[in-house]
Amino acid sequence: MKRFPLGLTLTVAIAFAILVGLGAWQLQRLKWKEQLIAQVQAAQTAPAVPLQGVLAQAAAGEDVSYRKVVAVCPGLATAPYAELYALMDGQMGSRLISVCRLEGQPYGSILVDRGFVAETISARPPEQPGDERPTGVRGVLRAPEHRSFVSARDDPAHRRFFAREIGPMARALGAVNPAPWFLMAETSTNPEWQALRPAPLPVDIPNRHLEYALTWFGLAGVLLAVYAAMLRGRGKD
């Protein structure tokens with residue numbers, strides 16, 4: 001009789017465990033993505049509320065991601081800005097990030113994503129430090145993103161950034177006690193400058209995690225079937 005294929009069995013068992021683990025992970029991602037889509041849909045239909053109250057809730061530990069807010073920012077239309085590399089509708093460009101100073105709140109400032117400018121446009125809104133004219137903004141709060149291994153190195157000296165992180169941009173712009181959220185403007189800070197396009201929320205968030213989970217589970221099933229067929233063949237021999 002042929003010896004039981006112990007090595008092959010261990011290899012199949014490890015591969016099976018990996019495939020099932022990947023399928024289970026995709027189911028977890030599915031739950032997270034469904035919650036995210038629900039948050040985004042709620043934000044798109046919810047009325048905007050004053051930023052002050054929402055930031056107080058955030059300071060108390062509440063998750064305020066995708067909450068729609070309104071704020072008044074002194075001099076925002078002519079404020080200095082950092083440029084964050086971005087893609088929009090398949091087009092490369094930059095998102096302009098400026099500081100909104102806050103008064104009487106848990107935080108001294110918040111970074112405002114004023115919108116997207118295509119790479120083909122070299123002009124920028126004017127910068128006038130000291131301008132205190134108020135600019136009303138309606139937008140959505142978004143948490144920062146972690147830098148990935150593919151993110152290019154930032155250039156703080158020229159205020160060019162490649163990861164949506166608060167700390168580096170806040171330091172480059174001189175923001176005082178910045179809130180741990182971005183305010184993604186959905187109204188224009190510069191209506192006279194049409195090249196700046198506010199884009200606060202993704203219109204369509206893909207959700208294919210169930211498909212991915214079924215693929216991994218299917219591969220695990222195929223692996224078991226092939227292994228069982230191999231054992232039957234050895235028994236017949």
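**Notebook: one predicted chain**

I started with contacts (heavy atoms within 4.5 Å): of those in the chain with a separation of 6 or more, 70% are between residues 24 or more positions apart. This is a predicted model, where local features need pLDDT of at least 70 and side-chain atom pairs count only at pLDDT 80 or more, while totals for chains, interfaces and linings use all residues. Residues are numbered from 1 along each chain as its sequence is written, and side-chain values use heavy atoms, with hydrogens and water left out.

**Entry 1: the whole chain**

I looked up the helices and strands, which are DSSP runs numbered from the N terminus (H or I, at least four residues, for helices; E, at least two, for strands). The chain has 4 helices and 8 strands. Going along the sequence, I read the pattern as α-β-α-β-β-β-β-β-β-α-β-α.

Next I looked at size. The C-alpha trace spans about 90 × 35 × 30 Å along its principal axes. The radius of gyration is 25 Å, whereas a compact globule of 237 residues would have one near 18 Å. That radius is taken over C-alpha atoms, and the globule rule is 2.2 Å times the number of residues to the power 0.38.

Then the surface. I noted an accessible surface of about 13,500 Å², with 60% of it belonging to carbon and sulfur atoms. Such areas come from the Shrake-Rupley method with a 1.4 Å probe, and for residues only the protein chains shown count as cover. Of the 237 residues, 38% are buried. Buried means under 20% relative accessible area, exposed means over 50%, and partly exposed is in between (1.4 Å probe, protein chains only).

I also checked the charges. The chain has 25 positive and 20 negative ones, and their mean positions are 10 Å apart. Lys and Arg count as positive, Asp and Glu as negative, and His and the chain ends are not counted. Each charge is placed at NZ of Lys, CZ of Arg, CG of Asp or CD of Glu.

Where does Thr189 lie? I found Thr189 in the loop between strand E8 (178–185) and helix H4 (209–236). Thr189 counts as buried because its relative accessible area is 5%.

A polar contact is a pair of N or O atoms within 3.5 Å; within protein, one must be able to donate a hydrogen and the other to accept it, and residues adjacent in sequence count only if both atoms are side-chain atoms. The Thr189 side chain makes one with the side chain of Arg114 at 3.2 Å. Another, of 2.6 Å, joins the side chains of Thr189 and Asn190. Setting aside neighbours within four places in sequence, I listed the contacts of Thr189, among them Leu76, Ala77, Arg114 and Thr135.

Ala77 sits in the loop between E2 and strand E3 (82–88). At 19% relative accessibility, Ala77 is counted as buried. Beyond four places in sequence, Ala77 touches residues including Arg114, Pro125, Thr135 and Thr189.

**Entry 2: Arg95**

Is Arg95 buried or exposed? Arg95 is buried, because its relative accessible area is 9%. Arg95 belongs to strand E4 (residues 91–101).

The Arg95 side chain has a polar contact with the side chain of Asp113 at 2.6 Å. I also saw the backbone oxygen of Ala199 lying 2.6 Å from a polar atom of the Arg95 side chain. Leaving out neighbours within four places, the contacts of Arg95 include Glu83, Phe116, Arg164, Met184 and Pro200.

**Entry 3: two positive phi angles**

Tyr66 isn't a glycine, yet its phi is positive, about 70°. I placed Tyr66 in the loop between helix H2 (51–59) and strand E2 (68–74). With 12% relative accessibility, Tyr66 is buried.

Arg159 isn't a glycine either, and has a positive phi of about 55°. Arg159 is in the loop between strand E6 (134–142) and strand E7 (160–161). Its relative accessible area is 24%, so Arg159 is partly exposed.

**Entry 4: apart in sequence, apart in space**

How many residues separate Ala13 and Tyr227 in sequence? I got 214, with the C-alpha atoms 10.0 Å apart in space. Ala13 is in helix H1 (residues 6–45), and at 42% relative accessible area Ala13 is partly exposed.

Ala56, in helix H2, is 133 residues from Thr189 in sequence and 24 Å from Thr189 in space, C-alpha to C-alpha. Ala56 is partly exposed, at 38%. Ala77 and Trp181 are 104 residues apart in sequence, and I noted 20 Å between their C-alpha atoms.
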